[in-house]
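The following note sets out points for a colleague examining this structure. The points move from the chain as a whole to its parts.

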Amino acid sequence: MTPRALIVEDDPTTAAALAALVRRHQWQAEIREDLEAAWKALCESAFDFVLLDLSLPDGEGTDLLQKLRRAPTGQWPDPKTPVLVISARSQLRSRLTALDLGADGYIIKPVHLEEVGAVLRALLRRRKTLSAGQITWGDIVVDPNSRFVQQAGAAVELTEQEFAVLLALLEDRPKTLSRADIQSRSGNRVGDGGSVEVHVHHLRRKLGDGLIQTVRGVGYRLSEDPGR
């Protein structure tokens, strides 16, 4: 089935650019200019992801995000629908608030369409991963739904950012990902390139030095031998 995107954006130029990007990927796009119309659309049919502005004529985009995440399961709207916030608000507090309320990613305007496309592709892969259930790699078991990680039968505590880096590498294994790739696949949840390096260091400390390989001048990938 062709993925469907709901674009909640009141600026015609931005909305048109995002819709063109979505359609270029052979996905369907619908545009709504305010919260009321967006909520009605979500209640009437299923969407694979939402592109959400924060400043809308009838309120805050975070209100829609909260309402969506609190919706009952088993009917429309689906509370697990991925939401990518696209906003001119560049303050760290705005980004953290949106992520804490359940956004799957946050991109600051003016947007780079290539970045938006990369995040949307990652969100679709993430949704397939969630539907598939647990991921096993060697002696490591990861549950994307509960964010539970187990190694050799023992639970491993990871931060949200460490989990996002690990999941990005698992979803694209055995491909090598640059720091920018990991950032986009996590919806910009893991910070800048330097932060990615720190999270990789922590993952190696918690899960073993041989788990993640450094490809000089390119980035990181999971070990080709899950048993290491």
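1. In this predicted model, residues 24 or more positions apart account for 57% of the contacts in the chain with a separation of 6 or more. Buried residues make up 46% of the 228 residues in the chain.

2. As to overall dimensions, the C-alpha trace spans about 55 × 40 × 35 Å along its principal axes. The radius of gyration is 18 Å, which agrees with the value near 17 Å that a compact globule of 228 residues would have. The secondary structure consists of eight helices and 13 strands.

3. Strand S6 (residues 83-87) is mostly covered, with five of its five residues buried. Val83, Val85 and Ser87 point one way from S6, whereas Leu84 and Ile86 point the other way. In S6, the residues pointing either way are all buried.

4. Strand S6 has parallel pairings with S3 and with S7. Three bridges join strand S3 (residues 49-52) to S6, and the two run parallel; valine 50 has valine 83 in S6 as its bridge partner. Four bridges join S6 to S7, again in parallel, and here isoleucine 86 has isoleucine 107 in S7 as its bridge partner.

5. Leaving aside neighbours within four places in sequence, lysine 109 is in contact with Glu9, Thr14, Asp53, Ile86, Ser87 and Ala88. Two of these contacts, Ile86 and Ser87, belong to the residues of S6 described above.

6. Isoleucine 140 stands opposite glutamine 151 in S10.

7. Which residues touch the most other members of the largest nonpolar core? In this core of 26 residues, they are Leu166, Leu169, Ile182, Leu211 and Ile212. The elements giving two or more residues to the core are strand S8 (135-137), strand S9 (140-143), helix H6 (160-171), helix H8 (193-207) and strand S13 (219-222). H6 supplies the largest share, eight residues.

8. Apart from this core lies another, of 21 residues, including Ala38, Trp39, Leu56 and Val85. Val85 is also one of the buried residues of S6. As a general matter, nonpolar side chains in soluble globular proteins tend to be buried together.

9. Isoleucine 182, one of the residues touching the most other members of the largest core, gives a local view of the packing. Leaving aside its neighbours within four places in sequence, isoleucine 182 is in contact with Val165, Leu169, Leu177, Val190, Val196 and Tyr220. Among these partners, Leu169 is likewise listed with the residues that touch the most other core members.

Technical notes:
Residues numbered from 1 in each chain as written. Predicted model: local features only at pLDDT ≥ 70, side-chain atom pairs only at ≥ 80, totals over all residues. Heavy atoms only, no water. Core = buried A, V, L, I, M, F, W, Y, C linked by side-chain atoms within 4.5 Å. Buried < 20%, exposed > 50% of the residue type's maximum accessible area, 1.4 Å probe, protein only. Contact = heavy atoms within 4.5 Å. Pairing = 2+ DSSP bridges. Rg over C-alpha atoms; globule rule 2.2 N^0.38 Å.
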